[in-house]
Amino acid sequence: MSSQDNSEENPPQQQDDADGGVLATRDNPFANPGLPPHEHRVQDIDERAAKRSERVVAGLFTLSMLSTIGFIASYVAFPVDKIVYVFPIGHVSALNLSLGLTLGLALFCIGAGAIHWARTLMTDVEVPEERHDIEATPEVREELLAGFQDGVRESDLGRRKLVRNTLIGAMAMVPLTGLVLLRDLGPMPGTMLRHTKWAKGKMLINENTHEPLRPEDIAVGSLTFAMPEGLSEEDHDFNNQIAKAALMIVRLQPENIKDKRELDWSHEGIVAFSKICTHVGCPISLYEQQTHHVLCPCHQSTFDLTDGGRVIFGPAGHALPQLRITVNDKGYLEAMGDFAEPVGPAYWERG
Amino acid sequence: MSTATDTRRKKAPAGERVADWADSRLGIYSLAKANMRKIFPDHWSFMLGEVCLYSFIIIILTGVYLTMFFNPSMGEIVYDGPYVPMQGIRMSEAYASTLDISFEVRGGLLIRQIHHWAALIFVGSMFVHMMRVFFTGAYRKPREMNWVFGFLLLVLGLFTGLTGYSLPDDLLSGTGVRFTQGAILSVPLVGTYLSMFLFGGEFPGHDFVGRFYSIHILLLPGIMLGLVVAHLIMVFLHKHTHWAGPGKTNTNVVGTPFLPVYMGKAGGFFFLVFGVIAAIAAVATINPVWAIGPYRPDQVSTGAQPDWYLGFAEGLIRVMPGWEIDAWGHTLVLGVFIPLVIFPLVLLAIAVYPFIESWATGDTRNHHLLDRPRNTPTRTGFGVAWITTYLTMLIAGGNDLWATHFHLSINGITWFSRIAFFVLPVVSFIVTKRICLGLQRRDKEKVLHGRESGIIKRLPHGEFIEVHEPLSQDQLHTLTAHDQYQPLELEPEVDENGVARKPTRSEKLRVKLSKGLYGEDNQIAKPTVEEYKEITSSHGHH
């Protein structure tokens with residue numbers, strides 16, 4: 001309250017007069033009239049209202065303390081795996097809900113109490129403060145520049161050009177050490193991205209059953225995922241290999257296959273395409289049985305499996321690579337070689 | 001010789017003695033004297049930056065806790081923890097430890113959810129705070145550097161978010177990392193090398209979680225912490241901007257002192273923000289990695305979306321046609337590379353606008369009074385167009401969800417987004433500018449003719465008129481306090497001595513920009529005192 005008494009002795013209008021731009025003259029109806037007089041809040045004039053505010057603030061702080069106790073109690077009381085039904089959220093972890101709500105309340109009440117305190121009991125008299133230019137005065141500037149010149153001159157940098165030039169050279173070269181050290185972050189690409197685990201004679205293994213696939217396993221309208229024989233989930237590089245080798249197999253009516261090469265590379269209408277989208281590499285997983293279109297769920301590139309895996313919609317830039325397959329003498333589907341082109345997203349060296 | 005001070009020190013209360021101790025070693029008194037009672041102006045929009053700061057602090061606090069339990073390793077294990085649906089499934093230790101945090105560490109799930117929610121709120125509040133600064137012109141001299149620092153914080157925030165939500169190595173985030181890798185591959189010449197070096201070989205490899213981890217918890221937050229501190233120091237150094245109004249000028253700041261009022265309000269607000277985020281984390285699940293499963297590069301779920309702030313990049317990549325150029329044994333993957341370039345360019349567009357504006361005005365004065373957005377129609381229009389671009393691509397980034405939830409054609413939505421990317425920003429720019437000019441006209445009308453009182457008066461001869469109440473001087477000043485720039489003119493091609501000079505291209509551009517910002521159709525001349533006097537003296541009774 002004392003600050004308000006102060007402000008009544010020093011009306012803000014007077015402080016503003018120091019500023020030439022604010023001078024409110026009768027000639028200028030748009031002139032800045034200066035700060036309006038402070039309007040008292042009820043707490044400023046009625047001590048009972050101020051007491052009420054005090055009780056509210058203290059009540060909030062007390063509630064926060066109780067909430068913290070509630071937090072500790074919840075931590076001790078609820079087992080970590082207890083699930084409860086709470087309308088309307090549904091089945092949730094009792095511990096998560098109780099800890100979160102008690103923590104939330106404990107924090108919120110501190111905040112609400114402090115803000116209520118600041119708004120109702122602390123001063124709300126607005127006072128002006130002058131701004132000062134950040135830039136230095138001309139004298140300081142001159143002094144500084146002179147000092148800088150002295151420093152530069154004393155360093156002899158301008159005169160001893162050899163020192164300067166070799167210093168620049170040294171400083172320019174030393175970061176190269178850091179750059180060189182980055183070399184071992186990874187291997188050179190080489191032709192890694194061109195090859196997959198597929199090779200001539202490798203059987204197509206069903207990804208779910210881990211059994212080799214026979215032509216009769218592939219029903220019309222089904223979508224089957226396969227990986228190359230010899231690849232196991234326990235392999236150290238399984239993820240790297242499956243990221244390139246993942247295969248999807250569908251059965252078409254041979255007369256529906258529009259692309260001649262696709263027909264040649266198929267077996268009894270069974271076609272095998274790379275599952276890795278040629279856009280940015282998501283696994284394509286959505287198959288439309290009637291149209292034989294596949295859709296990548298990430299960015300909606302759509303490919304026509306009856307037409308050489310051609311892109312018919314979306315952001316992919318080229319057709320899905322097809323794997324040439326046949327049946328071996330035991331009646332299992334097998335690859336006749338690796339993919340003819342790199343699978344997955346395009347890159348500079350792809351060509 | 002120092003007995004006098006010694007006795008005084010002994011008598012002083014303990015707090016004071018501690019402060020004295022610190023002052024004689026750190027000189028804190030001079031620092032505190034300048035800042036303790038610093039005046040801060042009050043306006044709801046000034047608290048948006050506080051939300052950013054507080055959510056950043058919350059993220060750091062909860063993030064440190066999470067590092068105690070998270071295992072940033074891509075070593076594979078078979079899960080045997082308490083969460084039944086995942087038992088016996090192969091997964092990385094990163095994913096398994098995220099499950100442990102969620103199901104075995106008491107309160108771990110809560111802290112994880114607070115961390116993620118706070119991250120979403122952090123980036124969201126940075127956007128809103130940035131737009132507040134933009135629309136009110138708070139970035140003008142002397143605050144340009146703080147604008148740039150704030151912008152860098154936003155960009156770093158985006159990448160900290162990306163590296164953060166990729167850490168659990170779940171199916172959704174792994175798909176996002178694959179997208180990132182595919183985008184990196186599209187970079188001409190060096191893309192393949194960048195990808196190999198980032199992932200330590202082919203995707204996914206066994207390195208990226210560990211590498212993202214040190215980027216996410218050390219490199220980026222370290223830089224951000226430095227920028228945040230610098231950002232705040234500059235706020236104190238420049239003193240906060242304020243709105244024009246009675247008693248407020250370009251050379252003062254009107255408000256209440258930091259100690260105690262803003263200590264109470266801002267300090268309390270931290271707890272308010274923290275409390276609300278904790279309550280959200282209690283009732284609203286976020287990123288339930290246990291429902292998504294561990295990452296495998298040949299599996300995917302539908303409806304894969306990044307966190308909202310990168311939805312814009314997602315949209316760009318989805319709507320771009322699949323252009324690819326094969327020539328001389330090389331592939332130029334424009335369909336991916338163009339979106340990859342547009343993404344930073346759109347962000348940069350808003351970052352450089354303040355500098356373009358200041359070049360066009362040539363204004364070197366300090367600006368501490370905020371602009372009302374209506375008084376700068378071109379700037380406001382540009383800002384709205386920028387937001388429109390962002391939102392359009394955010395919608396495009398969820399084209400599959402729009403299609404499934406509203407039973408629309410995905411092809412239709414994609415085509416709509418492709419066209420909207422070019423059309424909607426232009427339309428929103430024009431519409432916003434029109435609205436601003438309309439509001440300026442209304443302000444002018446109000447100043448000159450007063451406020452519509454809603455009282456209809458019948459004159460003796462039967463005519464009905466509405467009574468207008470003249471505005472108070474407070475209101476008159478507030479509505480006319482803003483500066484209006486005059487557009488630049490090209491200097492005459494022949495000067496007074498008859499010597500021809502051709503304006504350079506940059507001069508021409510500058511004049512054109514200046515006209516676009518402040519030309520005849522781009523602002524309404526504000527009422528002058530003469531106009532006001534003429535109207536009030538002739539028929540002031542309205």
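Begin by selecting chain A by domain: the assignment gives domain 1 (39–120) and domain 2 (196–335), with bounds that come from an automatic or database domain assignment. The C-alpha centres of domain 1 of chain A and domain 2 of chain A lie 58 Å apart.

This is a predicted model, in which local features need pLDDT of at least 70 and side-chain atom pairs count only at pLDDT 80 or more, while totals for chains, interfaces and linings use all residues. Residues are numbered from 1 along each chain as its sequence is written, chains are lettered from A and ligands numbered from 1 in the order in which they are written, and side-chain values use heavy atoms, with hydrogens and water left out.

Next, select Cys282(A) and Cys298(A), which are joined by a disulfide with an S to S distance of 2.1 Å; the term denotes a pair of cysteine sulfur atoms within 2.5 Å. A search of the whole structure finds 1 disulfide over all chains. Cys282(A) lies in the loop between β7 (270–274) and β8 (286–288) of chain A, and Cys298(A) in the loop between β9 (293–295) and β10 (302–304) of chain A, so the pair ties together parts that are 16 residues apart in sequence. Strands here are DSSP runs (E, at least two residues), numbered from the N terminus.

Now display the torsion about the S-S bond of Cys282(A) and Cys298(A): it is about -90 degrees, so the disulfide is left-handed. Both cysteines are buried, that is, under 20% relative accessible area (1.4 Å probe, protein chains only).

Move on to Cys296(A), whose sulfur is 4.0 Å from the closest cysteine sulfur, in Cys277(A), too far for a bond. Cys296(A) is buried, at 2% relative accessible area.

Finally, select Cys109(A), which counts as buried at 3% relative accessibility.

How values were computed:
Helices (H or I, at least four residues) and strands (E, at least two) are DSSP runs, numbered from the N terminus. Buried means under 20% relative accessible area, exposed over 50%, partly exposed in between (1.4 Å probe, protein chains only).
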